[in-house]
Amino acid sequence: MEKIRTAVVGCGMISYIYIKNFRHLFSVIDLVGICDNNAQNAREKSELFNVPVMTMDEIKADPEIRLVVNLTGPAAHYPVIRELLEAGKNVFTEKMLCADFEQGKELVALAKEKGLYLGVAPDTFLGAGLQTARLLIDRGMIGEVTSARAAVNRSQALNSEIFRFIRNPGGGFAYDVGVYYVTALLSLLGPVRKVTGFVSESREHEARILRAGDFGKTWKTADSNLYAGSLLFESGAAATLHLDGESIDEEQSSLVIYGTEGILKLGDPNSFNGSVRLIRNNAPETVMPFTHGFTGTPLYGPETPADYGQHRGVGAAVMAWAMIENRPHRASADLGLHTMEILHGLDISSKEEKVYHMTTTFTQPIPLPTGYTDQILGGIRCDAEGSLVNG
Ligand SMILES: NC(=O)c1ccc[n+]([C@@H]2O[C@H](COP(=O)([O-])OP(=O)(O)OC[C@H]3O[C@@H](n4cnc5c(N)ncnc54)[C@H](O)[C@@H]3O)[C@@H](O)[C@H]2O)c1
(Lines give C-alpha, C1' and ligand atoms only; values in the text may rest on other atoms or scores of the structure.)
Protein backbone atom coordinates (compact mmCIF):
# COMPACT_ATOMS: atom_id res chain seq x y z
CA MET A 1 0.00 0.00 0.00
CA GLU A 2 1.30 3.45 -0.89
CA LYS A 3 2.07 5.61 2.12
CA ILE A 4 2.88 9.29 2.27
CA ARG A 5 6.23 10.09 3.88
CA THR A 6 5.46 12.79 6.41
CA ALA A 7 7.25 15.08 8.87
CA VAL A 8 5.82 17.12 11.76
CA VAL A 9 7.03 20.65 12.58
CA GLY A 10 6.12 21.82 16.11
CA CYS A 11 6.32 19.35 19.01
CA GLY A 12 4.27 21.17 21.65
CA MET A 13 1.09 20.24 23.45
CA ILE A 14 -1.16 19.11 20.58
CA SER A 15 1.64 17.18 18.85
CA TYR A 16 1.23 14.31 21.34
CA ILE A 17 -2.08 13.08 19.93
CA TYR A 18 -1.10 13.89 16.33
CA ILE A 19 2.13 11.89 16.52
CA LYS A 20 0.42 9.06 18.38
CA ASN A 21 -2.34 8.84 15.76
CA PHE A 22 0.17 9.05 12.90
CA ARG A 23 2.16 6.19 14.46
CA HIS A 24 -0.75 3.94 15.40
CA LEU A 25 -3.97 4.94 13.65
CA PHE A 26 -3.67 6.35 10.14
CA SER A 27 -1.91 3.77 8.00
CA VAL A 28 -1.54 6.18 5.06
CA ILE A 29 0.93 8.33 7.03
CA ASP A 30 4.55 7.22 7.26
CA LEU A 31 5.99 9.55 9.90
CA VAL A 32 9.73 9.82 9.26
CA GLY A 33 10.78 12.88 11.27
CA ILE A 34 9.80 15.57 13.73
CA CYS A 35 11.21 19.04 14.20
CA ASP A 36 11.00 21.87 16.73
CA ASN A 37 13.15 24.92 17.34
CA ASN A 38 12.90 24.02 21.02
CA ALA A 39 15.29 21.04 21.14
CA GLN A 40 13.85 19.65 24.35
CA ASN A 41 10.29 19.50 22.97
CA ALA A 42 11.53 17.64 19.89
CA ARG A 43 13.67 15.23 21.95
CA GLU A 44 10.80 14.38 24.33
CA LYS A 45 8.42 13.38 21.51
CA SER A 46 11.21 11.62 19.64
CA GLU A 47 11.94 9.39 22.65
CA LEU A 48 8.27 8.82 23.41
CA PHE A 49 7.29 7.78 19.90
CA ASN A 50 10.60 6.58 18.49
CA VAL A 51 10.67 9.07 15.59
CA PRO A 52 13.94 10.75 14.52
CA VAL A 53 14.46 14.46 15.13
CA MET A 54 15.16 16.42 11.95
CA THR A 55 15.96 20.07 11.24
CA MET A 56 13.77 22.19 9.01
CA ASP A 57 16.57 22.20 6.41
CA GLU A 58 16.77 18.39 6.45
CA ILE A 59 13.00 18.13 5.98
CA LYS A 60 13.06 20.59 3.10
CA ALA A 61 15.99 18.83 1.44
CA ASP A 62 14.53 15.31 1.66
CA PRO A 63 12.77 14.64 -1.66
CA GLU A 64 10.98 11.60 -0.19
CA ILE A 65 9.08 13.71 2.35
CA ARG A 66 5.93 14.78 0.54
CA LEU A 67 3.78 16.05 3.42
CA VAL A 68 4.64 18.28 6.37
CA VAL A 69 2.16 18.76 9.21
CA ASN A 70 2.57 22.16 10.86
CA LEU A 71 1.81 22.16 14.59
CA THR A 72 3.57 25.40 15.53
CA GLY A 73 1.63 28.22 17.22
CA PRO A 74 -0.48 30.48 14.96
CA ALA A 75 2.04 33.36 14.98
CA ALA A 76 4.61 31.05 13.31
CA HIS A 77 2.21 29.63 10.72
CA TYR A 78 2.80 32.14 7.94
CA PRO A 79 6.63 31.91 7.81
CA VAL A 80 6.70 28.14 8.40
CA ILE A 81 4.04 27.32 5.77
CA ARG A 82 5.58 29.72 3.26
CA GLU A 83 9.04 28.20 3.71
CA LEU A 84 7.66 24.66 3.27
CA LEU A 85 5.58 25.52 0.19
CA GLU A 86 8.57 27.26 -1.37
CA ALA A 87 10.54 24.06 -0.78
CA GLY A 88 7.87 22.13 -2.73
CA LYS A 89 6.22 20.41 0.26
CA ASN A 90 2.49 19.73 0.60
CA VAL A 91 1.38 21.16 3.96
CA PHE A 92 -1.37 20.41 6.42
CA THR A 93 -1.57 23.01 9.20
CA GLU A 94 -3.31 23.28 12.53
CA LYS A 95 -5.69 26.23 12.79
CA MET A 96 -5.74 29.02 11.90
CA LEU A 97 -4.14 29.04 8.48
CA CYS A 98 -2.21 32.05 9.81
CA ALA A 99 -2.82 35.19 11.86
CA ASP A 100 -3.57 37.62 9.02
CA PHE A 101 -6.11 37.38 6.18
CA GLU A 102 -3.86 38.98 3.52
CA GLN A 103 -1.07 36.54 4.39
CA GLY A 104 -3.61 33.71 4.28
CA LYS A 105 -4.55 34.68 0.71
CA GLU A 106 -0.85 34.75 -0.21
CA LEU A 107 -0.33 31.20 1.13
CA VAL A 108 -3.36 29.80 -0.70
CA ALA A 109 -2.26 31.48 -3.94
CA LEU A 110 1.29 30.15 -3.53
CA ALA A 111 0.07 26.58 -2.97
CA LYS A 112 -2.13 26.82 -6.09
CA GLU A 113 0.67 28.34 -8.17
CA LYS A 114 2.99 25.48 -7.17
CA GLY A 115 0.35 22.78 -7.58
CA LEU A 116 0.73 21.72 -3.93
CA TYR A 117 -1.86 20.53 -1.44
CA LEU A 118 -2.53 22.86 1.49
CA GLY A 119 -4.92 21.64 4.18
CA VAL A 120 -6.17 23.45 7.27
CA ALA A 121 -7.64 22.28 10.59
CA PRO A 122 -10.05 22.12 12.36
CA ASP A 123 -10.70 18.60 11.18
CA THR A 124 -13.37 17.91 13.82
CA PHE A 125 -16.03 18.41 11.13
CA LEU A 126 -14.91 15.00 9.81
CA GLY A 127 -15.91 13.45 13.16
CA ALA A 128 -18.97 11.28 13.69
CA GLY A 129 -21.07 14.08 15.26
CA LEU A 130 -20.86 16.61 12.44
CA GLN A 131 -20.86 13.98 9.67
CA THR A 132 -24.08 12.49 11.12
CA ALA A 133 -25.59 15.99 11.21
CA ARG A 134 -24.57 16.54 7.59
CA LEU A 135 -26.23 13.27 6.53
CA LEU A 136 -29.48 14.27 8.27
CA ILE A 137 -29.48 17.71 6.64
CA ASP A 138 -28.62 16.31 3.19
CA ARG A 139 -31.40 13.71 3.50
CA GLY A 140 -33.93 16.47 4.26
CA MET A 141 -34.64 15.47 7.87
CA ILE A 142 -35.03 19.13 8.92
CA GLY A 143 -36.38 20.33 5.56
CA GLU A 144 -34.82 23.48 4.16
CA VAL A 145 -32.29 25.05 6.54
CA THR A 146 -33.51 28.51 7.52
CA SER A 147 -31.06 29.57 10.21
CA ALA A 148 -28.43 28.55 12.75
CA ARG A 149 -27.14 29.69 16.12
CA ALA A 150 -23.58 29.16 17.33
CA ALA A 151 -22.43 30.31 20.76
CA VAL A 152 -19.59 29.52 23.13
CA ASN A 153 -17.96 31.13 26.14
CA ARG A 154 -14.70 30.67 28.04
CA SER A 155 -12.12 32.66 29.93
CA GLN A 156 -9.54 33.11 27.21
CA ALA A 157 -7.47 35.25 29.57
CA LEU A 158 -7.27 32.41 32.10
CA ASN A 159 -6.46 29.94 29.32
CA SER A 160 -3.68 32.23 28.10
CA GLU A 161 -1.82 31.58 31.37
CA ILE A 162 -1.33 27.98 30.26
CA PHE A 163 -1.52 28.11 26.45
CA ARG A 164 0.93 30.96 25.76
CA PHE A 165 0.22 31.22 22.03
CA ILE A 166 -3.25 32.55 22.96
CA ARG A 167 -1.65 35.86 24.02
CA ASN A 168 -0.20 36.43 20.53
CA PRO A 169 -1.89 37.42 17.26
CA GLY A 170 -3.94 34.51 15.94
CA GLY A 171 -4.66 33.24 19.45
CA GLY A 172 -7.84 35.26 20.15
CA PHE A 173 -11.04 33.48 21.13
CA ALA A 174 -12.54 33.68 17.64
CA TYR A 175 -9.39 32.24 16.04
CA ASP A 176 -8.68 29.67 18.75
CA VAL A 177 -12.20 28.41 19.52
CA GLY A 178 -14.77 30.24 17.36
CA VAL A 179 -13.10 28.66 14.34
CA TYR A 180 -14.58 25.25 15.29
CA TYR A 181 -18.09 26.73 15.22
CA VAL A 182 -17.57 28.60 11.95
CA THR A 183 -16.02 25.55 10.26
CA ALA A 184 -18.90 23.36 11.48
CA LEU A 185 -21.44 25.82 10.02
CA LEU A 186 -19.57 26.01 6.71
CA SER A 187 -19.26 22.23 6.41
CA LEU A 188 -23.02 21.89 7.01
CA LEU A 189 -24.38 24.93 5.15
CA GLY A 190 -21.77 25.96 2.53
CA PRO A 191 -20.26 29.39 1.77
CA VAL A 192 -21.24 32.74 3.31
CA ARG A 193 -22.15 35.84 1.26
CA LYS A 194 -21.89 38.64 3.85
CA VAL A 195 -21.30 39.25 7.54
CA THR A 196 -21.88 41.98 10.07
CA GLY A 197 -20.84 42.19 13.67
CA PHE A 198 -19.56 43.87 16.80
CA VAL A 199 -16.15 43.03 18.21
CA SER A 200 -14.93 44.46 21.49
CA GLU A 201 -11.38 45.03 22.75
CA SER A 202 -9.78 42.42 24.97
CA ARG A 203 -9.63 43.20 28.68
CA GLU A 204 -6.67 43.21 31.01
CA HIS A 205 -6.06 40.00 32.94
CA GLU A 206 -4.08 39.43 36.12
CA ALA A 207 -2.42 36.02 36.30
CA ARG A 208 -3.79 33.90 39.12
CA ILE A 209 -2.49 30.39 38.56
CA LEU A 210 0.44 29.96 40.96
CA ARG A 211 2.22 27.20 39.08
CA ALA A 212 2.02 28.90 35.66
CA GLY A 213 4.87 31.21 36.70
CA ASP A 214 3.34 34.62 35.96
CA PHE A 215 1.40 35.12 39.19
CA GLY A 216 0.40 38.77 39.69
CA LYS A 217 1.52 39.92 36.22
CA THR A 218 -1.03 41.58 33.97
CA TRP A 219 -1.54 41.45 30.20
CA LYS A 220 -4.08 41.77 27.42
CA THR A 221 -4.32 39.15 24.69
CA ALA A 222 -3.35 40.61 21.31
CA ASP A 223 -6.68 39.72 19.67
CA SER A 224 -10.25 40.51 20.65
CA ASN A 225 -12.09 37.86 22.64
CA LEU A 226 -15.69 38.98 22.22
CA TYR A 227 -17.58 38.71 18.94
CA ALA A 228 -21.29 39.09 18.23
CA GLY A 229 -21.95 38.51 14.55
CA SER A 230 -24.50 37.64 11.89
CA LEU A 231 -23.78 35.59 8.78
CA LEU A 232 -25.85 35.37 5.61
CA PHE A 233 -25.14 32.16 3.68
CA GLU A 234 -25.23 31.86 -0.12
CA SER A 235 -28.13 29.45 0.41
CA GLY A 236 -30.18 32.25 2.03
CA ALA A 237 -29.87 30.78 5.55
CA ALA A 238 -28.92 33.23 8.32
CA ALA A 239 -26.83 32.52 11.42
CA THR A 240 -25.80 34.26 14.61
CA LEU A 241 -22.36 33.84 16.12
CA HIS A 242 -21.72 34.66 19.79
CA LEU A 243 -18.15 34.10 20.95
CA ASP A 244 -17.41 35.32 24.48
CA GLY A 245 -13.84 34.69 25.59
CA GLU A 246 -14.13 37.24 28.40
CA SER A 247 -16.48 35.00 30.38
CA ILE A 248 -15.68 32.32 32.94
CA ASP A 249 -13.88 29.08 32.22
CA GLU A 250 -17.01 26.93 32.50
CA GLU A 251 -17.63 26.47 28.81
CA GLN A 252 -21.18 26.42 27.48
CA SER A 253 -21.45 25.33 23.89
CA SER A 254 -24.51 25.77 21.71
CA LEU A 255 -24.85 24.87 18.04
CA VAL A 256 -28.36 24.64 16.64
CA ILE A 257 -29.53 24.31 13.03
CA TYR A 258 -33.13 25.27 12.31
CA GLY A 259 -35.11 24.05 9.30
CA THR A 260 -38.61 24.18 7.86
CA GLU A 261 -39.33 20.64 9.11
CA GLY A 262 -37.08 20.15 12.12
CA ILE A 263 -34.27 21.31 14.37
CA LEU A 264 -30.84 19.80 15.00
CA LYS A 265 -29.17 20.47 18.36
CA LEU A 266 -25.49 19.63 18.06
CA GLY A 267 -22.78 19.00 20.64
CA ASP A 268 -19.40 20.72 20.94
CA PRO A 269 -17.83 21.06 17.44
CA ASN A 270 -14.40 21.16 19.13
CA SER A 271 -14.72 17.39 19.51
CA PHE A 272 -15.35 14.42 17.24
CA ASN A 273 -18.28 13.08 19.21
CA GLY A 274 -20.65 16.01 19.71
CA SER A 275 -24.15 14.57 20.20
CA VAL A 276 -26.81 14.99 17.51
CA ARG A 277 -30.36 15.62 18.72
CA LEU A 278 -33.23 15.82 16.26
CA ILE A 279 -36.54 17.56 16.95
CA ARG A 280 -39.43 17.02 14.50
CA ASN A 281 -43.17 17.50 14.58
CA ASN A 282 -43.19 18.94 18.10
CA ALA A 283 -42.02 15.54 19.40
CA PRO A 284 -39.43 15.32 22.18
CA GLU A 285 -35.87 15.52 20.96
CA THR A 286 -34.30 12.24 19.86
CA VAL A 287 -30.61 11.44 20.23
CA MET A 288 -29.52 10.15 16.83
CA PRO A 289 -27.03 7.27 16.60
CA PHE A 290 -23.78 8.11 14.85
CA THR A 291 -23.73 7.04 11.23
CA HIS A 292 -19.99 7.49 10.81
CA GLY A 293 -16.66 6.44 12.30
CA PHE A 294 -14.25 8.82 14.08
CA THR A 295 -16.56 8.87 17.08
CA GLY A 296 -13.91 10.13 19.47
CA THR A 297 -13.88 6.92 21.49
CA PRO A 298 -10.63 6.53 23.43
CA LEU A 299 -8.51 4.36 21.18
CA TYR A 300 -5.57 3.50 23.35
CA GLY A 301 -7.18 2.19 26.52
CA PRO A 302 -7.92 4.49 29.46
CA GLU A 303 -7.70 8.06 28.20
CA THR A 304 -4.79 10.19 29.47
CA PRO A 305 -5.10 14.02 29.54
CA ALA A 306 -2.86 14.22 26.46
CA ASP A 307 -5.10 11.80 24.54
CA TYR A 308 -8.04 14.17 24.70
CA GLY A 309 -7.66 15.25 21.09
CA GLN A 310 -9.08 11.87 20.04
CA HIS A 311 -9.01 11.61 16.25
CA ARG A 312 -6.96 14.74 15.55
CA GLY A 313 -4.89 14.24 12.44
CA VAL A 314 -7.79 12.86 10.40
CA GLY A 315 -7.67 16.03 8.24
CA ALA A 316 -4.03 15.29 7.36
CA ALA A 317 -4.89 11.63 6.68
CA VAL A 318 -7.77 12.62 4.39
CA MET A 319 -5.36 14.89 2.54
CA ALA A 320 -2.76 12.10 2.26
CA TRP A 321 -5.37 9.79 0.69
CA ALA A 322 -6.36 12.60 -1.71
CA MET A 323 -2.68 13.04 -2.67
CA ILE A 324 -2.45 9.35 -3.53
CA GLU A 325 -5.55 9.60 -5.70
CA ASN A 326 -4.69 13.05 -7.06
CA ARG A 327 -8.05 14.56 -6.15
CA PRO A 328 -9.31 17.49 -4.06
CA HIS A 329 -9.55 16.97 -0.31
CA ARG A 330 -12.02 17.98 2.34
CA ALA A 331 -10.20 20.13 4.95
CA SER A 332 -9.11 22.41 2.13
CA ALA A 333 -7.19 25.68 2.20
CA ASP A 334 -10.18 27.37 0.51
CA LEU A 335 -12.39 26.33 3.45
CA GLY A 336 -9.71 27.50 5.92
CA LEU A 337 -9.36 30.84 4.10
CA HIS A 338 -13.15 31.38 3.96
CA THR A 339 -13.35 30.69 7.71
CA MET A 340 -10.62 33.22 8.27
CA GLU A 341 -12.33 35.82 6.07
CA ILE A 342 -15.53 35.52 8.11
CA LEU A 343 -13.67 36.45 11.31
CA HIS A 344 -11.70 39.13 9.46
CA GLY A 345 -15.01 40.42 8.00
CA LEU A 346 -16.52 40.69 11.49
CA ASP A 347 -13.50 42.75 12.60
CA ILE A 348 -13.87 45.08 9.57
CA SER A 349 -17.64 45.32 9.99
CA SER A 350 -17.25 46.30 13.61
CA LYS A 351 -14.47 48.82 12.98
CA GLU A 352 -16.09 50.47 9.97
CA GLU A 353 -19.72 50.02 11.06
CA LYS A 354 -20.78 48.40 7.78
CA VAL A 355 -21.79 45.09 6.22
CA TYR A 356 -18.76 43.11 4.97
CA HIS A 357 -19.15 41.32 1.61
CA MET A 358 -17.13 38.10 1.34
CA THR A 359 -14.54 37.90 -1.45
CA THR A 360 -13.58 34.20 -1.13
CA THR A 361 -15.55 30.99 -1.50
CA PHE A 362 -15.00 27.23 -1.25
CA THR A 363 -16.55 24.00 -2.45
CA GLN A 364 -18.55 22.40 0.36
CA PRO A 365 -16.60 19.26 1.33
CA ILE A 366 -18.37 16.12 0.19
CA PRO A 367 -19.59 14.04 3.14
CA LEU A 368 -17.70 10.94 4.22
CA PRO A 369 -19.39 7.63 3.38
CA THR A 370 -21.36 6.05 6.22
CA GLY A 371 -21.08 2.66 7.82
CA TYR A 372 -17.44 2.59 8.88
CA THR A 373 -16.74 1.98 12.56
CA ASP A 374 -13.93 3.08 14.87
CA GLN A 375 -12.47 -0.26 15.77
CA ILE A 376 -12.45 -3.51 13.94
CA LEU A 377 -11.58 -6.89 15.41
CA GLY A 378 -10.59 -5.13 18.64
CA GLY A 379 -7.55 -3.50 17.01
CA ILE A 380 -6.48 0.12 17.11
CA ARG A 381 -6.23 0.62 13.36
CA CYS A 382 -9.77 1.45 12.62
CA ASP A 383 -12.12 0.55 9.85
CA ALA A 384 -13.11 4.25 9.79
CA GLU A 385 -9.93 5.03 7.82
CA GLY A 386 -11.59 3.16 4.96
CA SER A 387 -14.07 6.03 4.71
CA LEU A 388 -11.24 8.39 3.72
CA VAL A 389 -9.98 6.36 0.80
CA ASN A 390 -12.34 7.24 -2.04
CA GLY A 391 -13.39 10.64 -3.29
N1 LIG B 1 -3.14 22.80 22.57
C2 LIG B 1 -4.34 22.49 22.14
O3 LIG B 1 -5.22 22.04 22.89
C4 LIG B 1 -4.68 22.65 20.67
C5 LIG B 1 -5.85 22.04 20.22
C6 LIG B 1 -6.16 22.12 18.87
C7 LIG B 1 -5.34 22.83 18.04
N8 LIG B 1 -4.21 23.45 18.49
C9 LIG B 1 -3.39 24.19 17.54
O10 LIG B 1 -2.16 23.50 17.39
C11 LIG B 1 -1.07 24.42 17.19
C12 LIG B 1 -0.04 24.20 18.26
O13 LIG B 1 -0.63 24.35 19.54
P14 LIG B 1 0.11 23.82 20.85
O15 LIG B 1 -0.85 23.99 21.96
O16 LIG B 1 0.71 22.49 20.60
O17 LIG B 1 1.24 24.93 20.97
P18 LIG B 1 2.62 24.81 21.77
O19 LIG B 1 3.07 26.22 21.98
O20 LIG B 1 2.51 23.88 22.91
O21 LIG B 1 3.59 24.12 20.68
C22 LIG B 1 4.07 24.76 19.54
C23 LIG B 1 5.47 24.23 19.27
O24 LIG B 1 5.94 24.78 18.04
C25 LIG B 1 7.31 25.10 18.21
N26 LIG B 1 7.67 26.12 17.20
C27 LIG B 1 7.27 27.40 17.15
N28 LIG B 1 7.79 28.01 16.06
C29 LIG B 1 8.52 27.06 15.41
C30 LIG B 1 9.28 27.07 14.22
N31 LIG B 1 9.40 28.17 13.48
N32 LIG B 1 9.89 25.93 13.84
C33 LIG B 1 9.81 24.81 14.60
N34 LIG B 1 9.07 24.75 15.74
C35 LIG B 1 8.45 25.86 16.15
C36 LIG B 1 7.42 25.58 19.63
O37 LIG B 1 8.76 25.51 20.11
C38 LIG B 1 6.48 24.61 20.35
O39 LIG B 1 7.17 23.44 20.80
C40 LIG B 1 -1.72 25.81 17.19
O41 LIG B 1 -1.98 26.19 15.86
C42 LIG B 1 -3.04 25.61 17.93
O43 LIG B 1 -4.03 26.53 17.49
C44 LIG B 1 -3.86 23.35 19.80
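Helix H5 and helix H10 cross in a left-handed manner. The model in which this crossing is seen is a predicted one. H5 spans residues 101-114 and H10 spans residues 333-352; their axes come within 10 Å of each other and cross at roughly 165°. Because angles over 145 degrees count as roughly antiparallel, H5 is described as roughly antiparallel to H10. On the H5 side, the contact is made by Phe 101, Gly 104, Lys 105, Val 108 and Ala 111. The H10 side contributes Ala 333, Asp 334, Leu 337, Met 340, Glu 341 and His 344. Sorted by class, this contact of H5 with H10 holds six nonpolar, two polar and three charged residues.

Helix H5 also packs against helix H4, with the two axes 10 Å apart and at an angle of about 10°. Since angles under 35 degrees count as roughly parallel, H4 is roughly parallel to H5. The crossing of H4 with H5 is left-handed. From H4, the residues in contact are Tyr 78, Ile 81, Arg 82 and Leu 85. Their partners on H5 are Gln 103, Leu 107, Leu 110, Ala 111 and Lys 114. In terms of class, six nonpolar, one polar and two charged residues make up the contact of H4 with H5.

The domain assignment of the protein gives two parts, domain 1 (4-124 + 312-331 + 358-388) and domain 2 (131-291). A distance of 24 Å separates the C-alpha centres of domain 1 and domain 2. In the contact between these domains, 17 residues come from domain 1 and 24 residues from domain 2. The side of domain 1 that touches domain 2 consists, by class, of eleven nonpolar, five polar and one charged residues.

Most peptide bonds are trans, and most residues other than glycine have a negative phi. Against this background, the peptide bond joining Lys 95 and Met 96 is cis, with omega at about -20°. Met 96 is placed in the loop between strand S4 (90-93) and H5. A cis peptide bond also runs from Ala 121 to Pro 122, where omega is near 10°. Pro 122 belongs to the loop between strand S5 (118-120) and helix H6 (128-138). Asn 50, a residue other than glycine, has a positive phi near 55°. The location of Asn 50 is the loop between helix H2 (39-49) and helix H3 (56-61).

How values were computed:
Residues numbered from 1 in each chain as written. Predicted model: local features only at pLDDT ≥ 70, side-chain atom pairs only at ≥ 80, totals over all residues. Axes fitted to C-alpha atoms, helices over the stretch in contact; angles between N-to-C directions. Helix = DSSP H or I, 4+ residues; strand = E, 2+ residues; numbered from the N terminus. Parallel < 35°, antiparallel > 145°, perpendicular 65-115°, else oblique. Left-handed = near helix turned anticlockwise from the far one by under 90°. Contact = placed C-beta atoms within 7 Å. Nonpolar A, V, L, I, M, F, W, Y, C, P; charged D, E, K, R; others polar. Domains from an automatic or database assignment.
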